[in-house]
Amino acid sequence: MVETMDELIARVQNQLYRLTDLNDAMNGIRVTETSPDGSVSAEVDGNAALVGLRFTGAVSKLSPEEFEKTVVDTARAAAHKAFAKRGELITAFNEEATGWSPDVNHVGTAIRGRR
C-alpha cells in the first residue's frame, strides 16, 4: 500500500521502466541456428519470425526433399530457442514483480542485461 502520491508516482514509474526493459530485451532477441551438416543457418527474432537465412555450398548435395526438411528443421530449432529465451525473460520479470526470487535486484539486472 502506498502512503503518499510521491510513492505512488515512483511505484508506477518503476513499473513502467521494468516493462520498457522487458520490451527492449524481448525485441533484442536474435537466435541463429545452423543445421547439423552446416548447409543452412536460420536467424529468428523473439517472435520466431525468420529474419535471416543463409546457405553454404553443402546445399548442392541435398535433394529437394532434404533441402526442404533441413530449412524447416533449422528454422524450427531457432524458433524453439527464441521462445525459450522469451520464456526466461518473462519468468524473470514475473519473479521480480511478485518478489518470489531470492535476489530481486539480480533478476532485474538479468532482464536489462539481455538487451
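A search of the whole structure, which is a predicted model, finds 1 aromatic pair. The tour begins there.

Select F55 and F67. A pair of aromatic rings is described by the distance of the centres and the angle of the planes. For F55 and F67 the centres are 5.4 Å apart and the planes stand at 45°, which makes the pair tilted. F55 belongs to strand β3 (residues 50-55) and F67 to helix α2, so the pair ties together parts that are 12 residues apart in sequence. Colour the two residues by accessibility: F55 is partly exposed, with a relative accessible area of 41%, and F67 is partly exposed as well, with a value of 30%.

Next, select helix α1 (residues 5-27) together with helix α2 (residues 64-98). Their axes come within 10 Å and cross at roughly 170°. Because an angle over 145 degrees counts as roughly antiparallel, α1 and α2 are described as roughly antiparallel to each other.

Finally, return to the whole chain in cartoon view. The protein has 3 helices and 3 strands, and along the sequence they follow the pattern α-β-β-β-α-α. Of the 115 residues, 29% are buried. Among contacts with a separation of 6 or more, 47% join residues 24 or more positions apart. With a surface shown, the accessible area comes to about 7,600 Å², and 56% of that belongs to carbon and sulfur atoms.

Key: Residues are numbered from 1 along each chain as its sequence is written. This is a predicted model: local features need pLDDT of at least 70, side-chain atom pairs count only at pLDDT 80 or more; totals for chains, interfaces and linings use all residues. Side-chain values use heavy atoms; hydrogens and water are left out. Axes are lines fitted to C-alpha atoms, for helices over the stretch in contact, and angles run from 0 to 180 degrees between N-to-C directions. Helices (H or I, at least four residues) and strands (E, at least two) are DSSP runs, numbered from the N terminus. Angles under 35 degrees count as roughly parallel, over 145 as roughly antiparallel, 65 to 115 as roughly perpendicular and the rest as oblique. Buried means under 20% relative accessible area, exposed over 50%, partly exposed in between (1.4 Å probe, protein chains only). Contact means heavy atoms within 4.5 Å. Accessible areas come from the Shrake-Rupley method with a 1.4 Å probe; for residues, only the protein chains shown count as cover. Rings of Phe, Tyr and Trp (its six-membered ring) pair if their centres lie within 6.5 Å; planes under 30 degrees apart count as stacked, over 60 as edge-to-face and the rest as tilted.
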